[in-house]
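Please read the following report alongside the sequence and the coordinates, with attention to charged side chains and to helix packing.

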Amino acid sequence: MKKIISSHRAALCLQRIALLLLTGCSNWLTLTPDDEIVSDEFWTCSEDVEMAVAGAYRYMLETDVLQRMVYFGEMRSDNLQSSSPNTNERAVLDEGNILSENAISNWRCFYKVVNICNTVIEHAPKVKDLDNNYRKDEFEHHLSEAMFIRALCYFYLIRTYGDVPYIVEASASDATDYNRPASSQDSIATVLIADLKQAKQYAIQNYSDQNKNCGRVTKNACRALLADLYLWQNDYRNCIAECDEVMANYNVLPGSMQREWMLLPRKTFFSAVFYSGNSDESIFELNLNSENTANCSVFTSLYGNATSNPHLKPTTNVMTIYDDADARGMQYFNASTGRVFKYVGQIAPLAETKTDISNSTYTYRSSTSASNWIIYRLADIYLMKAEALALSGTSAEDFDNVVTLCNMTYTRSHPEGVDSLNHALYADQSSAAQLVELERRREFAFEGKRWFDLLRKVRRNGTPTDEIINDLVNNKYNGTLPDGIIGKLSNIGYWYWPIYVDEIKVNKLLHQNSYYAQQESGY
C-alpha cells in the first residue's frame with residue numbers, strides 16, 4: 001500500500017495495533033489485550049481510526065496471507081505442478097494428500113486481519129462521538145474499508161474451507177467468548193453480501209489518485225467483490241448488475257482525457273499491469289512496492305526468479321492453451337525453462353508469434369522490488385459478466401454477448417488483424433460456458449483464481465462430475481497418478497481444505513470437515 005499516513009504515525013500505528021491485537025496470542029481465538037489500551041490510549045481521534053485501517057491493509061501484505069492466496073486459489077489446480085517444493089507443498093501437489101496437520105492449511109493469518117477490521121468497525125463510532133473534527137464521510141469510508149477487507153478475508157475462507165466460524169466482535173477483552181462453531185458458507189455469503197452493499201454505499205468512488213484508486217477500497221472494489229460473491233452463489237442477475245455498475249463508473253483522473261474503461265494495448269499490458277502495478281485497468285490490488293520491501297520474496301519463493309528455483313511451475317497442459325500469437329502464452333511463463341514469469345518478471349518478450357521469441361530474454365525483477373497482488377482488474381469484470389450471462393442466457397443475443405465479452409481479453413492479447421473468437425461456435429449455453437472457462441484460465445493463470453473457478457463449477461453441478469475430475473487429472477498430472485487421486489476428487493469434501501488441527505484443539509466447538517474427519521480417524 002502506498003504511504004497514506006506519516007512514517008512516524010505509521011510506525012506507531014503498527015506498534016500499537018500489535019500491542020492492541022496480538023500480544024500474548026498463541027491463537028487468534030485467545031486474544032486478551034488490555035481493555036485500557038483499547039479504549040483510553042488509542043481510540044480518541046480520527047487519525048487513530050485511519051491508522052487502524054492502515055493496519056488492516058498492512059496485515060493483508062503478510063507473506064502468510066499472500067502466499068495462501070496462491071495456495072488456496074491456484075496450487076491444487078491444473079495450472080501448477082511442483083518443481084522443488086518443500087515437504088508441505090509436495091504433499092499437496094505431488095501426492096494430492098492434504099492433512100490437517102499441514103501448516104499450509106492454517107487460517108490464522110486471515111482471522112488476524114478479520115480481528116483488526118472488527119476492531120475498527122466496533123470503535124470507529126465511539127471515536128466519532130469523541131472527535132468533533134471526524135467528518136461523516138471520513139467515518140463512513142473507514143467503515144467501508146474495514147467491511148470490504150473483512151468480507152474479502154471471509155470470502156477466501158468460505159471458498160477454501162466451506163463452513164467456518166463467523167466472528168464480527170472485536171477481541172478486546174478476555175470476557176469475550178470466541179469458542180464458536182462453524183457457520184454454513186451460504187449463510188456467511190448472505191451476510192457478506194449485505195455488508196458489502198453497505199460498504200458500497202459508504203465507499204469513495206474516486207480518490208483522484210490512481211495509486212489510491214487501486215490500493216484502497218472504492219465503490220468499484222465493492223462492486224467487483226459483490227459480483228464475485230453473487231457468481232459464487234449462482235445469482236447471475238445480480239452479478240451482471242454489479243459488473244454493469246463497474247463498467248459505467250470509470251474513475252476519471254485529473255487532467256486525463258480518458259472517460260471510459262478500456263483494456264491496455266497488447267504491447268504495454270504486461271509491464272503496466274504486472275510490473276508497474278496500479279494500472280488504468282486495475283480495480284483493487286494489494287500494493288507491495290515502495291515501503292513494503294520486506295515482502296519482496298513473497299512470490300519469488302513460489303515462482304522463482306533469475307537466481308532462485310521455483311517451488312511451483314506451470315503444468316505442461318497450461319502452456320498449450322494459448323495459440324501461437326497470444327501474448328499471454330509468451331509472457332505469463334517462459335516455456336523454454338518451464339517457469340512462471342507473471343508476478344516475478346520485469347521485461348517479457350513480445351513478438352507476433354512464439355516462434356519469434358525463441359532467443360529472447362526474460363528479465364526478472366530486482367531482489368528489492370515486488371509486484372502488487374491483483375485482486376480485481378477490468379478483465380475480471382468482463383469475464384465474470386460473461387460467465388453469469390453464459391449460465392443464465394437463453395437467447396442467441398445472450399450468447400453473442402458472451403463471445404463479445406471474451407473477445408475483449410482475447411483480441412487484446414493478439415496482434416492487430418488476427419481473427420477474433422468466432423461467434424458462431426458458441427451459440428448455446430454449454431459451448432458459451434466452456435469458452436468463458438477457457439478464457440478465464442488463459443487470462444488469469446497463476447493469479448490465484450483457477451481452483452475457485454473449478455470449485456464453482458463443482459458447486460453448480462452439485463458434485464464433482466466425471467468430466468470435471470478427468471479434465472483436472474489429465475491436465476495436471478503427467479505419467480503415474482497419485483495414489484487414490486480419482487477417488488479423492490470424487491468426494492466434494494476433498495475440494496475444500498481441512499481445518500488445521502491446532503484450531504480444533506483450541507476450539508472444542510469446531511469439528512473437522514467431514515471428508516477429512518473420515519480420512520483422519522485418529523483426530
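Predicted model: local features only at pLDDT ≥ 70, side-chain atom pairs only at ≥ 80, totals over all residues.

Through salt bridges with shared partners, Glu281, Asp326, Arg328, Lys342, Arg377, Arg412, Glu439, Arg442, Glu443 and Glu447 are joined into one network.

## Arginine 328

Arginine 328, which is a member of that network, is located in helix α14, spanning residues 328-331. With a relative accessibility of 1%, arginine 328 counts as buried, since the cut-off for burial is under 20%. When residues up to four places away in sequence are left out, the contacts of arginine 328 are Tyr322, Phe333, Thr409, Tyr410, Ser413, Glu439, Arg442 and Glu443.

## Salt bridges between separate segments

The structure contains 35 salt bridges, and two further pairs can be described in detail. In one of them, the side chains of arginine 216 and glutamate 50 meet with an N to O distance of 3.2 Å. This pair links distant parts of the chain, 166 residues apart, with arginine 216 in the loop between α9 (210-215) and α10 (219-232) and glutamate 50 in helix α3 (residues 46-60). Arginine 216 counts as buried at 7% relative accessibility, and glutamate 50 likewise counts as buried at 14%.

The side chains of lysine 200 and glutamate 242 also meet in a salt bridge, again at 3.2 Å from N to O. Because lysine 200 lies in helix α8 (residues 185-202) and glutamate 242 in helix α11 (residues 236-247), this pair ties together parts of the chain that are 42 residues apart in sequence. Both lysine 200 and glutamate 242 are buried.

## Packing of helices α6 and α7

How do the axes of helix α6 and helix α7 cross? The axes of α6 (residues 108-130) and α7 (residues 136-161) come within 9 Å and cross at roughly 160°, and α6 is therefore roughly antiparallel to α7, given that angles over 145 degrees are classed in this way. The crossing of α6 past α7 is left-handed.

On the α6 side, the residues in contact include Phe110, Tyr111, Val113, Val114, Cys117 and Ile121, while those on the α7 side include Phe139, Leu143, Met147, Ile149, Tyr154 and Leu157. Sorted by class, the residues in the contact of α6 with α7 are 18 nonpolar, two polar and three charged.

## The protein as a whole

The protein has 22 helices and eight strands. Among contacts with a separation of 6 or more, 72% are between residues 24 or more positions apart.

How values were computed. Residues numbered from 1 in each chain as written. Heavy atoms only, no water. Helix = DSSP H or I, 4+ residues; strand = E, 2+ residues; numbered from the N terminus. Buried < 20%, exposed > 50% of the residue type's maximum accessible area, 1.4 Å probe, protein only. Contact = heavy atoms within 4.5 Å. Axes fitted to C-alpha atoms, helices over the stretch in contact; angles between N-to-C directions. Parallel < 35°, antiparallel > 145°, perpendicular 65-115°, else oblique. Left-handed = near helix turned anticlockwise from the far one by under 90°. Nonpolar A, V, L, I, M, F, W, Y, C, P; charged D, E, K, R; others polar. Salt bridge = Lys/Arg side-chain N within 4 Å of Asp/Glu carboxyl O.
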